[in-house]
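Subject: Structure handover

Hello,

Here is the structure for you to look through. My notes on what was found follow below it.

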Amino acid sequence: DFAVEDLAGEPVTAVPSASAIVAKLVPPPAGEASNVWVPYVTRVETVSTVGDWPNPVGTTALQGNAESNGAFTNHGDGTYTYVFATNLSTATAGGALVGYDRSLLHRVSVMMGGHDGPTADANLDFVPDGSAATESRALVETASCKACHGEEFHGHGGNRLTVENCATCHTAGMTDANGGESLDLKVMIHKIHAGGELRSL
């Protein structure tokens, strides 16, 4: 359940649809020093054409993803409900069960708009069993990105507007099928901003 307001605090009643992500924060995997977001919603990208990238047609890669095929309800007063189509208890990634754990910190990120209409994203961190959060993962503040990139800091059609949103999909183990490059946010950030100074990986 979420509400949408404009900058004046007035309800926005005509949002036509939304998409959403849900992920859990798990302890550091073997060989890693920090915890990692694991998305429940994923997709498999497949290289479909020959191009200026190294991987051949048919190469596949697992990626975090948002869904928009759940039940979206506009209550007509600026409040909305989105019910995930993904069942967290049976969600799989690359054929393996993701595993729902109510004791771990979870993040729900809702996105709307982009190229057309009211545009925003919102993020909620919570522990499903009701206990207090003891873990966090804050890579960088969105305000730090906007200090250089301004309001043009966004991705995937314009409705990904915060680092918190980006971090739920751009996690360890996610790669680009065409080039084989890591889509892990910490790797992407360093390569984009200081690629010429990094040793080749």
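A salt bridge here is a side-chain nitrogen of Lys or Arg within 4 Å of a carboxyl oxygen of Asp or Glu. By that rule, the side chains of lysine 186 and aspartate 184 form a salt bridge, at 2.5 Å from N to O.

Before the rest, two notes on the source. This is a predicted model, in which local features need pLDDT of at least 70 and side-chain atom pairs count only at pLDDT 80 or more, while totals for chains, interfaces and linings use all residues. Residues are numbered from 1 along each chain as its sequence is written, and side-chain values use heavy atoms, with hydrogens and water left out.

Salt bridges

The whole structure holds three salt bridges. In general, side chains of opposite charge can pair when their charged atoms come close. For accessibility, buried means under 20% relative accessible area, exposed means over 50%, and partly exposed is in between (1.4 Å probe, protein chains only). In the pair already named, lysine 186 is partly exposed at 29% relative accessibility, whereas aspartate 184 is buried at 8%.

Another salt bridge joins the side chains of lysine 191 and glutamate 181, at 3.0 Å from N to O. This pair links distant parts of the chain, 10 residues apart: lysine 191 is in helix α3 (residues 185-194) and glutamate 181 is in the loop between α2 and α3. Helices (H or I, at least four residues) and strands (E, at least two) are DSSP runs, numbered from the N terminus. Lysine 191 is partly exposed, with 33% relative accessibility, and glutamate 181 is partly exposed as well, with 43%.

Aspartate 125 and arginine 107 also meet through their side chains in a salt bridge, at 2.7 Å from N to O. Here too the pair links distant parts of the chain, with aspartate 125 in strand β11 and arginine 107 in strand β10, 18 residues apart. Aspartate 125 is partly exposed at 37% relative accessibility, but arginine 107 is buried, with a relative accessible area of 4%.

Sheets

Strands β10 and β11 belong to an open, antiparallel sheet of four strands, in the order β3-β2-β10-β11. Two strands count as paired if DSSP finds at least two bridges between them. Because β3 (36-39) and β11 (120-126) stand at the edges with a single partner strand each, one side of each is left without a neighbour in the sheet. Inside this sheet, β2 (residues 19-26) and β10 (residues 106-112) pair in the antiparallel sense over six bridges. Valine 22 has valine 108 in β10 as its bridge partner.

An open sheet of three strands, also with antiparallel pairing, has the order β1-β7-β6. Its edges are β1 (2-3) and β6 (71-74), each with a single partner strand, so one side of each has no neighbour in the sheet. Four bridges join β6 to β7, and alanine 71 stands opposite valine 83 in β7.

Cores and aromatic rings

A nonpolar core is a set of buried Ala, Val, Leu, Ile, Met, Phe, Trp, Tyr and Cys residues joined through side-chain atoms within 4.5 Å. The largest one has 16 residues, and Phe2, Val4 and Tyr80 are among those with the most contacts inside it. Two or more residues of this core come from each of β2, β7 (79-83) and β10, and the largest share, three residues, comes from β10. A second, separate core has 11 residues, including Ala23, Leu25, Leu105 and Leu185.

Contact means heavy atoms within 4.5 Å. Leaving aside neighbours within four places in sequence, phenylalanine 2 is in contact with several residues, among them Ala18, Phe72, Tyr80 and Val110.

Rings of Phe, Tyr and Trp (its six-membered ring) pair if their centres lie within 6.5 Å; planes under 30 degrees apart count as stacked, over 60 as edge-to-face and the rest as tilted. That gives four aromatic pairs. Tyrosine 82 and phenylalanine 84 form an edge-to-face pair, because their ring centres are 5.4 Å apart and their planes are at 90°. Phe2, Phe72 and Tyr80 form one aromatic cluster.

A glycine in a loop

Glycine 158 lies in the loop between α1 (142-149) and α2 (163-169) and is buried at 9% relative accessibility. The C-alpha atoms of glycine 158 and glycine 114 are separated by 4.3 Å, although these residues are 44 apart along the chain.

Regards
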